Amino acid sequence: MSDDPYALAAEAAAELRRRFAVDTLDLAFVLGSGWSAAADDLGEVLGRCSLAELPGFAAPTVVGHGGELQIVRTAAGKLAALFTGRTHYYEGRGVAQVVHGVRTAAAAGVRTLVLTNGCGGLNPDWAPGTAVLIRDHINLTAASPLVGARFVDMTDAYAPRLRELARSVDPDLPDGVYVQFHGPNFETPAEVRMAGVLGGDLVGMSTALDTIAAREAGLDVLGISLVTNLAAGISPTPLHHEEVLEAGREAAPRLRTLLAGLAGVL
Ligand code: HPA
C-alpha cells in the first residue's frame, strides 16, 4: 500500500471498481451519526462490503457509526457510493485517514458529495431532529488534509446550487454555519458561546476536513447536519452520546424521506 494518500485513494478506487464491476461513480453519500438508518430508500443496492476490506480504510471505532460501503443505483439512474460511517479526527489516526473516503470517491469518478453529520445546535428553535443545510464552515481543528502549496478556494465550498436542489425536496430546510471542533469531548458552554460569536450555528466533530479535501478534488459538496441536541450551555441538561443516537433513531423516517428525495434530484 502506498504512503501517498492520493495514490492510496486511487488504489482503493481501483479495488472498488474491480469488486463491483463499475466504471465510474457519480455521487457519494457519507452518512454520519443518526443518518445510517436512513439510507434504505436511496435506490437499488448493487453491492456492499466492509470498508475495512478496501485499501487504506480503518474499521470504525464509534458505536452508532457503521463501517460499510454500499454501491447503489439511485432512482435518477446515477451510481452512488454510500459510506455508512467515517473516521473522525479525534480517533488520532491522522487527517489523511479522515479524508480517505472522500479521496477514494473522487478517484472513483464522483463529482457530487453529500456529507451528513449529527451535531449540536445553537439555535434554540432547532429542536433535536431538525435537519439543517450547511452554508459554510469554520474549521477549529487547527488541521488541514492539504499539505504543501495547495491553495484551494473555499468560497461557496458548499455549493449553493445543491442547497437549492435540497430545498426543491424540502423547502423548509434551514441553513447554518457548521463549526468543527477536534473532539471527542463535547464543547464547553464557553466554547459554544465562542462558536456563536464567530458566526457558527452548529457544532460538531466532522465534515469541515472532508469538505476541504473534496474541494481540492473539485467535488461539489452538499452538507446536511442533523441537530441531535442543543449545544452545551444552551441545552439545560448535560450531553450524552446516547441522546445523540436516540435523536438519530427518532429522526430516521424523516431523514429517509429527505435522502430518498435527494437521490431523485442529484
Ligand atoms: N457537539 C459536538 N458534536 C456533536 C454534538 C455536540 O453537541 N452532538 C452530536 N455531535
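This report describes the nonpolar cores, the aromatic pair and selected salt bridges of a predicted model.

## Nonpolar cores

The largest nonpolar core comprises 45 residues, and Leu 25, Leu 69, Ile 71, Phe 83 and Leu 113 have the most contacts inside it.

Beyond residues up to four places away in sequence, Phe 83 touches several others, among them Phe 29, Leu 51, Phe 57, Glu 68 and Leu 69.

## Aromatic pair

One aromatic pair is present in the structure. It is formed by Phe 57 and Phe 83, which count as stacked because their ring planes lie at 25 degrees, with the centres 6.1 Å apart. Phe 57 lies in the loop between β2 (43-50) and β3 (68-74) and Phe 83 in strand β4 (residues 79-84), so the pair ties together parts 26 residues apart in sequence. Both Phe 57 and Phe 83 are buried.

## Salt bridges

The whole structure contains 13 salt bridges. In one of them, Glu 68 meets Arg 48 at 3.4 Å, N to O. This pair links strand β3, which holds Glu 68, to strand β2, which holds Arg 48, across 20 residues. Glu 68 is partly exposed at 23% relative accessible area, and Arg 48 is partly exposed at 48%.

Glu 216 forms salt bridges with Arg 103 (3.6 Å) and with Arg 150 (2.6 Å). Glu 216 belongs to helix α6 (residues 208-216) and Arg 103 to helix α3 (residues 100-107), so their bridge ties together parts 113 residues apart in sequence. Arg 103 is buried, with 6% relative accessible area, whereas Arg 150 is partly exposed at 37%.

Methods. Residues are numbered from 1 along each chain as its sequence is written. This is a predicted model: local features need pLDDT of at least 70, side-chain atom pairs count only at pLDDT 80 or more; totals for chains, interfaces and linings use all residues. Side-chain values use heavy atoms; hydrogens and water are left out. A nonpolar core is a set of buried Ala, Val, Leu, Ile, Met, Phe, Trp, Tyr and Cys residues joined through side-chain atoms within 4.5 Å. Buried means under 20% relative accessible area, exposed over 50%, partly exposed in between (1.4 Å probe, protein chains only). Contact means heavy atoms within 4.5 Å. Rings of Phe, Tyr and Trp (its six-membered ring) pair if their centres lie within 6.5 Å; planes under 30 degrees apart count as stacked, over 60 as edge-to-face and the rest as tilted. Helices (H or I, at least four residues) and strands (E, at least two) are DSSP runs, numbered from the N terminus. A salt bridge is a side-chain nitrogen of Lys or Arg within 4 Å of a carboxyl oxygen of Asp or Glu.
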